[in-house]
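Today's notebook page is open, and I have a few spots to look up. Here is what I'm working from.

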Amino acid sequence: LSGRQEAESTAVPSKQMLHSENMEMEPETMETKSVTDYFSKMHMGTVMTSCNTKQK
Amino acid sequence: DQSFHVRYRMEASCLELALEGERLCKVGDYRAGVSFFEAAIQVGTEDLQVLSAIYSQLGNAYFHLHDYTKALEYHHHDLTLTRTIGDRLGEAKASGNLGNTLKVLGRFDEAVVCCQRHLDIARDLHDKVGEARALYNFGNVYHAKGKSICYSGADPGDFPEEAMVALRKAAEYYEANLFIVKEIEDRAAQGRTYGNLGNTHYLLGNFRNAVIFHEQRLLIAKEFGDKAAERRAYCNLGNAFIFLGEFEVAAEHYKKTLQLARQLKDRAVEAQACYSLGNTYTLLQDYERAIDYHLKHLIIAQDLNDRIGEGRACWSLGNAYTALGNHDQAMHFAEKHLEISKETGDRSGELTARMNVSDLQMVLGLTYSTNSSLLSENKEADYNHDETRSRTGRRHSMENLELMKLTPDKLNVHK
């Protein structure tokens, strides 16, 4: 019987095995570039240039 | 005139293809996005800013698709290009992306160099947003480095010194980031930093601090109505409360995680929450509830064809039934755990399962043979010998290979 009790107690895993290994990390932040942005800047540049030209 | 026309047409179609690639990536179809970007490169462009934007987006698309070798290749092309044309802001961005990719690939020292370049340029350009982002990336690299040195099976706060040094550095970078993102009132960035800072303190064994940071993260997640971030915070809070020994509080947080996982229809996370709840109720010695949650976990693991998860569920169920004294059910799950760990090549799991099966064979043998005193005595003697082995085995790491020498012989005795 003592052996049986022993089996019951050893079969309950330690806290070590019970903690969650599942740590939830926050997402990475990637730097972004975009052709659209570049294009709108270019377009803005063109508009600005033409305005300047007109002023002249 | 003819060649100008051809070149004009090519530039136009390169742009059209890139714009379509951009649109597809924005809606999350990275696979299709990649094809358009690659087609755009095939056509070619003489505008190096456009080419840089294509390389960068290809790198990010491959990053999202978890093809890190390809991501590395394109972010590297982008870095070379931006340096050639002297585009400092572009170089900073390429360095940041390259650093993140190298981090995922476990190449931490190179990642650190990239983060430093990102940070230096951002500071040169007085770009506060860029500086904060570089500091966040730095923190992530040191966090990942620290975590990679933590050996499995060790408790948080109990890792090798080298891991602790990296984790402390991560905390420093996150703190530096937090200072800036508070200054520029970027709440979303604050939320991310609080979350990872909480996880870093958790690994450092500062569980009270971890709770404080995760509570801040939770607050911001609620502000934004960001359910996924809210779920992450609850899960991380649950983990920290386990180590504070506040199991009831941990269970409440895991229940919130479960609720949100169901709302978000994320089956894998739902399974994880059930598993955590099962373990928490085991710690509370409420084995009926533990079994209930482990069974829920088992069902989802089977649905998702997750054999490793299924094995873990069987192991946990075996333990819980043993604790309740239901040795027949315990044996059923221990045998299933053995079968699955053999199939998945999980050596330490197989060893644990073999020990559990042999322990249970002993207990069941004792129950069935109470009428024969001689047999009982023999079994008892054998059992005690067995116990000495299995207790030692459990006390040490489960990956202790010394046990392998003992196990086959012991199994033959019982079979």
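**Entry 1: a serine in chain A.** I started with Ser34(A), which sits in the loop between α2 (15-18) and α3 (35-55) of chain A. I kept in mind that this is a predicted model. Is Ser34(A) buried or exposed? Its relative accessible area is 16%, so I noted Ser34(A) as buried, the cut-off being under 20%.

Next I looked up its neighbours. Leaving out residues up to four places away in sequence, Ser34(A) touches Glu22(B), Ala53(B) and Gln57(B). With one of these, Glu22(B), the serine makes a side-chain to side-chain polar contact at 3.3 Å. I also found a polar atom of the Ser34(A) side chain 3.1 Å from the backbone nitrogen of Thr36(A).

**Entry 2: the nonpolar cores.** Which residues have the most contacts inside the largest nonpolar core? I wrote down Phe159(B), Tyr202(B), Ile242(B) and Leu277(B), in a core of 34 residues. At least two residues of this core come from each of α8 (161-183), α9 (187-204), α10 (207-224), α11 (227-243), α12 (247-263), α13 (267-283) and α14 of chain B. The largest share, seven residues, is supplied by α11(B). I then turned to a second, separate core of 31 residues, with Ala94(B), Phe108(B), Phe138(B) and Ala189(B) among them.

**Entry 3: a loop in chain B.** My last stop was Asn305(B), in the loop between α14 (287-303) and α15 (307-324) of chain B. Its relative accessible area is 66%, so I put Asn305(B) down as exposed, since the cut-off is over 50%.

Conventions
Residues numbered from 1 in each chain as written. Chains lettered and ligands numbered in written order. Predicted model: local features only at pLDDT ≥ 70, side-chain atom pairs only at ≥ 80, totals over all residues. Heavy atoms only, no water. Helix = DSSP H or I, 4+ residues; strand = E, 2+ residues; numbered from the N terminus. Buried < 20%, exposed > 50% of the residue type's maximum accessible area, 1.4 Å probe, protein only. Core = buried A, V, L, I, M, F, W, Y, C linked by side-chain atoms within 4.5 Å. Polar contact = N/O pair within 3.5 Å; in protein donor to acceptor, adjacent residues only side chain to side chain. Contact = heavy atoms within 4.5 Å.
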